[in-house]
Amino acid sequence: MDSIYVYIADTLLEPAVAANQYDRIADAILSLDIMPERIKLMHTEPERSKGLRALYVDNYAVFFVIKENTVHIARVIYSASDISKRLAEE
């Protein structure tokens, strides 16, 4: 998330926009505290068999898994990028 903020604030020279985007993503992540199962498992493999879910916020995707009633954030990725390739980079 910090790299998203830095990119928007420094590269695009929009610190206020960066702060707002960061807050929207953070709020969406915090919303996973209630019924995170409402977000469906991904349809692609191997992501589905790993239990990976994607929550979309504006142009970003928050990837997470649920383990032992706890949400674990795996990645936050700009959703216009090649998501399959970016997930494989982990």
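Okay, let's start with helix α2, residues 15-31. It has 17 residues and reaches 24 Å from its first C-alpha to its last, close to the 24 Å you'd expect at 1.5 Å a residue. One thing to keep in mind as I talk: this is a predicted model.

So which residues of α2 are buried? They're Ala18, Gln21, Ile25 and Ala28. Those residues cover an arc of only 95° around the axis, and that puts them on the same side of α2. Turn to the face pointing away from that buried side, and you'll find the exposed residues Ala16, Asp27 and Leu30.

What covers the buried residues of α2? The cover includes α1, residues 2-11, along with the strands β1 (53-57), β2 and β3 (70-78).

That brings me to the sheet. We have an open sheet of 3 strands, in the order β1-β2-β3, and the pairing is antiparallel. β1 and β3 are the edge strands, since each pairs on one side only. From one strand to the next, the twist averages 30°. Helix α2 packs on this sheet and touches β1, β2 and β3, with its direction making about 140° with that of β1.

Let's look at β2 and β3 together. They run antiparallel, and 8 bridges join them.

Last stop: valine 62, in strand β2, which spans residues 60-67. Buried or exposed, this valine 62? Buried, because its relative accessible area is 0%, and the cut-off for buried is under 20%.

And what is valine 62 in contact with, once we leave aside its neighbours within four places in sequence? The list is Ile25, Ile29, Arg53, Ala54, Leu55, Val57, Ile73, Arg75 and Val76.

One more distance while we're here: valine 62 and tyrosine 78 are 16 residues apart along the chain, and their C-alpha atoms are separated by 9.0 Å.

To wrap up, keep two things in mind: α2 packs on the sheet, touching β1, β2 and β3, and valine 62 of β2 is buried. Okay, that's me done.

Methods:
Residues numbered from 1 in each chain as written. Predicted model: local features only at pLDDT ≥ 70, side-chain atom pairs only at ≥ 80, totals over all residues. Heavy atoms only, no water. Helix = DSSP H or I, 4+ residues; strand = E, 2+ residues; numbered from the N terminus. Buried < 20%, exposed > 50% of the residue type's maximum accessible area, 1.4 Å probe, protein only. Contact = heavy atoms within 4.5 Å. Expected span 1.5 Å × (residues − 1). Arc of directions from axis to C-beta. Pairing = 2+ DSSP bridges. Axes fitted to C-alpha atoms, helices over the stretch in contact; angles between N-to-C directions.
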